[in-house]
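Try each task yourself before reading its solution.

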Amino acid sequence: MIFPRVRRFLPVIISGYIFNTALYFLLHILLPYTGINTTATSEFCKSKSDESTVDDECTRVDLFAFQIVSFVNLFYLGVLGFHTFFVSRRAFTALPQKPLGRILGNVQSPNSANGKNGVMLPEADYVNIGIIIFQGWDFIASIFFDEHCTAVMMTHHFLAFICGLFSLEYGLVPFYATYFGGVSEFSSIFLCVADLFRYFPPSSFQTSSPSVVNFLSSLELGAQGMFVLTFFNFRILGWIYLSSLLFKDAVQALKRGLMQQYCPGSRWFLLYLLSMSILLGGLQAFWFRQIIEKAVEVVAGN
């Protein structure tokens, strides 16, 4: 049987795809009746047939709805990961803090050994399910959005999907799944809000109250600041520390033959995760450099 463990969660995964799609089309239908101005800036209103042409009234209900769906998914992943790692700290208390626990905790748990579905850290499964749903849906949806259909982003979606899929299938790296798949997405919550205002500036919202525009402008600035702060903390500093710990645990697991003992056939995936921690870590360092350069430009312009 292909993906026997993933198949147990298939109804939830399919429901997630249906929910995202239904939410997108529901927003697409209802947004024009809410009074929210979905006219995007000229940068995102170029005609696909003639890039020199810009519509005077370029409504991008599709882009607005896409951002809302992305926000819902990222909020789920980011908050779940943050809560598991820093609030309840179950990533530390539910798993033995040694290589066997951090890498194979959900595989070699007593419940699993007794043939039951219980695992030490079910939150890791919830994160992986969320990754499969969001990254899979986002990959397909992004095909229809020039703003998101870039080689880098599409590759990122695909690689992250593979990480979530096989982490769920093998039950591997529950400790690291909650961080790399959950905590790291906490910064993306603020990015999603900042991008929404980049497409639809606060000044473009139809409102007779200047205080509302001021509030939205403050919200935009706060989202931008929190994105830089959380990106640096979780995707740079935290990523480096957790990646180094993952490498140490992986070396111990491979040397002691733990992969073959507890999860036969999964050695390749552990090596894949190690390579992804380097590749995605490097990509995030590249993105952070761009973020800083953009921030310097904004400050210099002001």
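This is a predicted model: local features need pLDDT of at least 70, side-chain atom pairs count only at pLDDT 80 or more; totals for chains, interfaces and linings use all residues.

Residues are numbered from 1 along each chain as its sequence is written, and side-chain values use heavy atoms, with hydrogens and water left out.

**Exercise 1.** Find the largest cavity and describe its lining.

Solution. Start with the idea: rolling a probe the size of a water molecule over the atoms shows where empty space is left. Here a cavity is a set of points, on a 1 Å grid over the protein atoms alone, where a 1.4 Å probe fits but cannot get out, and lining residues have an atom within 4 Å of a point. Searching the whole structure turns up one cavity of 30 Å³ or more. The largest cavity has a volume of about 360 Å³, a volume being the space filled by probe spheres set on the points, which are joined across faces, edges and corners.

Next, look at who lines it. There are 24 lining residues, and Cys163, Phe180, Gly181, Trp239 and Leu280 are the closest to the centre. Two or more lining residues come from each of α7 (122-142), α8 (151-170), α9 (174-182), α11 (210-255) and α13 (267-301). Helices are DSSP runs (H or I, at least four residues), numbered from the N terminus.

**Exercise 2.** Now work out which residues lie nearest the centre of the largest pocket.

Solution. A pocket is an open set of points with protein on both sides within 12 Å along at least five of seven lines. The largest pocket holds about 1600 Å³ of space. Of its 44 lining residues, Leu191, Asp195, Arg198, Phe227 and Ile291 lie nearest the centre.

Zoom in on Ile291, which sits in helix α13. Ile291 counts as buried because its relative accessibility is 16%, and the cut-offs are under 20% relative accessible area for buried, over 50% for exposed and in between for partly exposed (1.4 Å probe, protein chains only). Beyond neighbours within four places in sequence, Ile291 is in contact (heavy atoms within 4.5 Å) with Phe227, Val228 and Phe231.

**Exercise 3.** Is threonine 38 buried or exposed?

Solution. First locate Thr38: the loop between α2 (10-30) and α3. With a relative accessible area of 6%, Thr38 is buried. Setting aside neighbours within four places in sequence, its contacts include Cys58, Arg60 and Phe200.

**Exercise 4.** Classify the ring pair of phenylalanine 166 and tryptophan 268.

Solution. Rings of Phe, Tyr and Trp (its six-membered ring) pair if their centres lie within 6.5 Å; planes under 30 degrees apart count as stacked, over 60 as edge-to-face and the rest as tilted. The structure holds 35 aromatic pairs. For Phe166 and Trp268, the centres are 5.0 Å apart and the planes at 85°, so this pair is edge-to-face. Phe166 lies in α8 and Trp268 in α13, so the pair ties together parts 102 residues apart in sequence. Phe166 is buried at 15% relative accessible area, whereas Trp268 is partly exposed at 38%.
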